[in-house]
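User: I would like to learn how to read a protein model feature by feature. Where do we start?

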Amino acid sequence: MAKFRYFTQPFSLKNVTLRNRIVMPPMCQYSAKDGIPNDWHYVHYTSRAIGGVGLIIVEMTNVAPNGRITPHCLGLWNDEQRDAFKKIVDAVHAQGAKIGIQIGHAGRKAQDCADVVAPSAIHYGQLDYAGQNLKTPRELSKAEIQDIIQQFQDAVRRAVEAGFDLIELHGAHGYLIHQFYSPKSNQRTDEYGQDRLLFGEQVIKAAKAVMPKDMPLIIRISAQEYSENGFDSDYGAKVAKRFAAAGVDMIDVSGGGNGALFEGQHPPFAAGYQVYLARKVKEATGLPVIAVGMLDNPGLADYVIGSGDADLVAVGRGLLRDPYWVLNAQYQQNGSDSQPIADIPRQYQRGFM
């Protein structure tokens with residue numbers, strides 16, 4: 001059987017070197033109280049580091065209480081939250097993995113919130129994933145937009161202080177940065193409507209201002225909207241190029257999330273269905289990219305990297321099912337080989353003999 005040649009290789013971005021090309025993407029756990037990570041988060045993330053993942057990106061962590069998807073989401077708007085993250089960061093590092101954190105604001109997709117805000121007072125248009133009715137948001141004033149940019153910067157500063165290796169801004173899936181750059185959700189008449197990418201650009205620059213120069217900044221974008229009247233991948237490439245020019249070092253390329261799925265507006269949902277978006281963004285920007293979307297078959301993950309379509313592969317559902325996805329993928333491929341599998345903790349080596 002052919003050996004994996006690509007996803008097991010290290011990858012470097014600025015001062016961060018990953019032991020392999022597999023990323024645990026941000027996946028909400030809805031398990032926090034007052035935005036503070038707890039023992040669930042500690043076990044959840046540390047176990048994937050033990051299991052051999054190269055890069056762990058902590059779930060969307062919010063810049064303000066009304067920026068949470070639910071009241072049970074993580075936050076980084078105070079120092080108590082920052083200090084609780086340090087324990088997780090240190091444990092992941094002790095197991096040889098790198099760890100980043102996704103900083104975001106839910107905007108009009110916030111639930112159970114008295115003050116739902118967005119670029120424009122436009123309802124999301126459907127029930128949320130939990131079947132709850134979302135509220136019609138109120139339109140942000142320009143002063144409030146500046147306050148939110150400051151909140152992003154403050155959260156990024158706290159993430160740096162907590163010891164994270166890199167930062168990811170959440171600009172995808174219909175959350176606030178995406179809401180600003182999407183014509184569907186941003187119908188403002190001021191400069192933030194005339195230039196819909198301005199808000200995202202300003203958040204990027206604010207983040208970089210408090211990050212060490214050699215620390216990578218990633219942004220996740222929806223490179224195509226899958227909803228009615230959603231933008232196409234050409235517009236998504238334009239978004240990516242603007243954010244690249246603003247200073248991001250890598251783009252995490254996803255799609256959809258800003259309205260209900262609309263027939264004919266999205267690709268067929270099959271293994272690797274969003275890789276074409278990663279390839280398009282990589283070609284448009286010249287930056288390294290992360291591919292996402294049903295890539296939990298190890299052979300497919302290896303192929304996507306080997307083909308050059310992406311530099312890293314995010315495995316989401318596969319890592320929810322199996323914290324040791326990376327080790328088990330190598331064992332299934334190389335189990336009878338005399339060559340040792342990299343990164344097996346000594347405590348578990350007997351299981352891979």
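Analyst: Start with a term for helix pairs. A crossing is left-handed if the near helix is turned anticlockwise from the far one by less than a right angle, and right-handed if clockwise. Helices (H or I, at least four residues) and strands (E, at least two) are DSSP runs, numbered from the N terminus. Now some ground rules. This is a predicted model: local features need pLDDT of at least 70, side-chain atom pairs count only at pLDDT 80 or more, and totals for chains, interfaces and linings use all residues. Residues are numbered from 1 along each chain as its sequence is written, and side-chain values use heavy atoms, with hydrogens and water left out.

User: Which hand does the crossing of H3 and H6 have?

Analyst: It is right-handed.

User: How do I describe the geometry of such a pair?

Analyst: Two packed helices are described by the angle between their axes and the distance between the axes. Axes here are lines fitted to C-alpha atoms, for helices over the stretch in contact, and angles run from 0 to 180 degrees between N-to-C directions. In this model, H3 covers residues 142-162 and H6 covers residues 198-209. Their axes come within 8 Å and cross at roughly 35°.

User: Which residues of H3 and H6 meet?

Analyst: Contact means heavy atoms within 4.5 Å. H3 supplies Ile 145, Gln 146, Ile 148, Ile 149, Phe 152, Gln 153 and Val 156. H6 answers with Phe 199, Gln 202, Val 203, Ala 206, Ala 207 and Ala 209. By class, this contact has 10 nonpolar residues, 3 polar and no charged.

User: Is Val 156 buried or exposed?

Analyst: Buried means under 20% relative accessible area, exposed over 50%, and partly exposed in between (1.4 Å probe, protein chains only). Val 156, in helix H3, is buried at 0%. Beyond four places in sequence, Val 156 touches Ile 103, Ile 167, Leu 169, Ala 207, Val 210 and Met 211.

User: How do I read burial over a whole helix?

Analyst: Count the buried residues, then look for the cover. Helix H11 (residues 325-334) is mostly covered, with 7 of its 10 residues buried. They are Trp 325, Val 326, Leu 327, Ala 329, Gln 330, Gln 333 and Asn 334. Their cover includes strand E3 (22-24) and helices H1 (39-50), H9 (298-306) and H10 (317-321).

User: What about loops? Where does Gln 274 lie?

Analyst: Gln 274 sits in the loop between strand E11 (250-254) and helix H8 (275-285). At 3% relative accessibility, Gln 274 is buried. Apart from neighbours within four places in sequence, it contacts Tyr 226, Ser 254, Gly 255, Val 292 and Gly 293. Phe 269 is also in the loop between E11 and H8, but Phe 269 is partly exposed at 40%. Phe 269 and Met 294 are 25 residues apart in sequence, and their C-alpha atoms are 8.5 Å apart.

User: Which contacts does Ser 182 make?

Analyst: Leaving aside neighbours within four places in sequence, Ser 182 contacts Arg 196, Glu 225, Phe 231 and Asn 258. It lies between helix H4 (176-181) and helix H5 (191-194). Ser 182 is buried, at 0%.

User: How should I read backbone angles?

Analyst: Most residues other than glycine have a negative phi, and most peptide bonds are trans. Asn 229 has a positive phi, near 65°. It is in the loop between strand E10 (217-222) and helix H7 (233-246) and is exposed at 67%. Asp 34 also has a positive phi, near 55°, in the loop between E3 and H1.

User: Finally, how many helices and strands does the protein have?

Analyst: It has 11 helices and 13 strands. Its radius of gyration is 20 Å, close to the 20 Å that the globule rule gives for 353 residues, so the protein is as compact as a globular protein of that length. That radius is taken over C-alpha atoms, and the rule is 2.2 Å times the number of residues to the power 0.38. Of the 353 residues, 59% count as buried.

Definitions and conventions:
Ala, Val, Leu, Ile, Met, Phe, Trp, Tyr, Cys and Pro count as nonpolar, Asp, Glu, Lys and Arg as charged, and the others, Gly among them, as polar.
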